[in-house]
Amino acid sequence: MEFLYEYGMFLAKAVTFVVAIIAIIVAITSAAMKQGGKKGELEITDLSEQYADIEEDFIHHLLSKEELKEKEKQDKKDAKIKAKEDKKAAKTKSTDDDKETPARLFVVDFKGSIDAKEVSSLREEISAILTVATPKDEVFIRLESGGGMVHGYGLAASQLDRIRQHNIPLTASVDKVAASGGYMMACVADKIISAPFAILGSIGVIAQVPNFNKLLKKNDIDYEQFTAGEFKRTVTMFGENTDKGREKFVEELEETHVLFKEFVSEHRPSLDVAKVATGEHWFGLKAKELGLVDNIQTSDDYLQAASKEQKVISVKYATKKGLAEKFSKAASLSIENVIGKIWQNNRIFPS
């Protein structure tokens with residue numbers, strides 16, 4: 001009887017535990033489904049204020065008490081003078097738009113993956129900017145991408161071209177890399193700036209297709225593929241490729257390369273495309289010599305200098321992550337941290 005009692009208690013605890021786990025899973029799934037229908041939202045950040053706050057905080061740490069008091073007195077005087085000027089300006093308000101609204105610099109970021117899926121956020125950001133921007137404003141994009149799929153980066157470049165079509169100046173900044181599809185986007189801009197050792201160029205097209213046909217034959221496995229149209233499929237991963245199919249595939253790559261070169265030439269007519277469209281890439285300093293970029297400068301330098309004269313505004317379209325995605329990200333970060341620690345320990349204390 002004592003055994004049955006203990007077994008019953010154990011079974012009750014086990015059932016309670018399982019029910020609790022199921023309830024948690026159901027709650028997470030329900031919350032994730034509710035969040036799944038929510039769209040992203042725009043995050044607007046005044047970078048000018050951030051730069052001003054940093055400068056103010058830093059000055060306060062550098063000044064002595066006496067100097068700080070003197071500065072506070074001067075700031076109050078300046079504030080009164082500015083208030084009077086603003087009041088006076090309000091009375092004699094001009095209908096001239098240029099006097100009413102100072103020029104603004106809108107900042108967007110694009111860190112592209114192979115399929116350029118980030119273009120969905122870029123589309124929202126540019127659409128939002130175009131609702132308020134005027135030709136006296138400027139759009140500044142911080143680009144970071146090694147390229148990827150042609151159609152994805154073609155669409156991303158077209159999104160940037162919308163800015164040009166509205167006669168709004170566009171500046172592209174490359175701090176790390178803008179190669180292949182990344183450079184396709186950059187060349188749309190009126191001006192390209194680059195860090196000295198950023199990687200640019202790679203105006204070329206590449207395709208790599210593994211073929212397992214010999215392995216399948218070795219294991220007596222047949223692979224059948226049915227198509228309608230002579231070149232519906234040129235090369236395949238599992239079938240036996242033909243010379244004719246390979247020639248057609250290379251021909252398609254060449255056609256894509258021609259379109260890429262024409263696109264770059266159209267947007268940067270002063271560039272010697274024949275010289276740089278070899279698939280090679282260059283660091284920023286050499287890229288400037290070749291005409292791939294206009295100035296050597298980091299995005300930080302550009303924005304900090306611009307904040308002295310313009311209102312610098314960051315525009316970011318962020319989508320809310322579901323609980324499942326948050327959990328998976330947390331798990332992947334934990335695994336990365338563990339692997340990083342193991343790697344670091346092995347590196348410092350080799351066995």
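A: Here is a close look at one helix pair and a salt bridge that involves one of its members. The model is predicted, so local features need pLDDT of at least 70, side-chain atom pairs count only at pLDDT 80 or more, and totals for chains, interfaces and linings use all residues. Residues are numbered from 1 along each chain as its sequence is written, and side-chain values use heavy atoms, with hydrogens and water left out.

Let's start with helix 5 (residues 119–130) and helix 6 (residues 150–165), which pack at about 5° with axes 10 Å apart. Helices here are DSSP runs of H or I with at least four residues, strands are E runs of at least two, and both are numbered from the N terminus. Axes are lines fitted to C-alpha atoms, for helices over the stretch in contact, and angles run from 0 to 180 degrees between N-to-C directions. The two helices are therefore roughly parallel (an angle under 35 degrees).

Who touches whom? On the helix 5 side you'll find Val119, Leu122, Arg123, Ile126, Ser127 and Leu130, and they meet Leu155, Ala156, Gln159, Leu160, Arg162 and Ile163 in helix 6. Contact means heavy atoms within 4.5 Å.

Now for Arg164: this residue forms a salt bridge with Asp190, with the closest N and O atoms 3.2 Å apart (a side-chain nitrogen of Lys or Arg within 4 Å of a carboxyl oxygen of Asp or Glu). The pair links distant parts of the chain, as Arg164 sits in helix 6 and Asp190 in the loop between helix 7 (181–186) and strand 5 (191–194), 26 residues apart. Arg164 is partly exposed at 28% relative accessibility, and Asp190 is partly exposed at 43% (buried is under 20%, exposed over 50%, partly exposed in between, with a 1.4 Å probe and protein chains only).

Terms used. Parallel < 35°, antiparallel > 145°, perpendicular 65-115°, else oblique.
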